[in-house]
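Please consult the sequence and the structure shown below while reading.

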Amino acid sequence: MNTGKYSSESPLAQRLARIRRRIGEALHAAGRQDDVTLVAVGKTWPAGALLEAWRLGIRHFGENYLQEALAKQQALGHCDITWHFIGPIQSNKTRAIATHFHWVHTVDRLKIARRLSQQRPEWLAPLNVCIQVNVSGEASKAGVAPEAAAELAAAIRELPNLRLRGLMTIPAPAADFDAQRRPFRQLRQLRDALGLEDLSMGMSADLEAAVQEGATLVRIGSALFGPRQPRRG
Ligand SMILES: *Cc1c(COP(=O)(O)O)cnc(C)c1O
């Protein structure tokens, strides 16, 4: 594709085209026939930026901070959007998360899963959840250890208002492509062992590695919206 030809497009449109190309090339390199869901991560970006992305065809949005997300959901109430919660979950936020999101990627404790199930409004479809796994064991304290994932998955499967979809991880930054792929491969093997469908993995810096290892959802922020804005409040 000749990007010069598209210079009249907005910067966001150009960045989106570039991300789609990166995903397409990684799918091709992996010999994959299926597709990847692009989840646009809007943290720190205003509703107007999300609206522009929506007009360009993005339908999945990920948010890390509840209050910020609720304000944007209100502003974008007229848009058909699938909302993904991808931030750390405090117990006192589960009711709002269970009410206002379609997916939660960051479940790593049974207590939180139970609350999400109990608090999911009965008029809504079951909440889609991914278990966050700390595969490489260093990126952050969030995520269940790989050895504990099977037990958590079995318990979540018993919860009536959750639908366990897959696994999610945020690995530590890695120096090269092979090192990037390693934790994603571990997550895929664990997903296969648990008989699950989805893999939420890959961000702006490592989406090719994630797609090559089988990501079904990639979570892209800065490569789409530009460098992060300072957070207010
Ligand atoms: C911020 C964030 C992303 C997106 O990160 P980028 O590097 O900006 O693409 C993805 N997942 C989670 C959990 C995040 O917090």
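The lining of the largest pocket divides into 18 nonpolar, nine polar and six charged residues. Here Ala, Val, Leu, Ile, Met, Phe, Trp, Tyr, Cys and Pro count as nonpolar, Asp, Glu, Lys and Arg as charged, and the others, Gly among them, as polar. The model is predicted: local features need pLDDT of at least 70 and side-chain atom pairs count only at pLDDT 80 or more, while totals for chains, interfaces and linings use all residues. Residues are numbered from 1 along each chain as its sequence is written, and side-chain values use heavy atoms, with hydrogens and water left out.

A pocket is an open set of points on a 1 Å grid over the protein atoms alone, where a 1.4 Å probe fits, with protein on both sides within 12 Å along at least five of seven lines; lining residues have an atom within 4 Å of a point. Of the 33 lining residues, Lys-43, Asn-64, Ile-170, Met-203 and Arg-219 lie nearest the centre of the largest pocket.

The ligand sits in this pocket, as more than half of its atoms lie within 2 Å of the grid points. The ligand is surrounded by 13 residues, each with a heavy atom within 4 Å of it. This shell has six nonpolar, four polar and three charged residues.

The table gives polar contacts, pairs of N or O atoms within 3.5 Å.

| Residue | Residue atom | Distance to a ligand oxygen atom |
|---|---|---|
| Lys-43 | polar side-chain atom | 2.6 Å |
| Asn-64 | polar side-chain atom | 2.7 Å |
| Gly-221 | backbone N or O atom | 2.8 Å |

Terms used. Polar contact = N/O pair within 3.5 Å; in protein donor to acceptor, adjacent residues only side chain to side chain.
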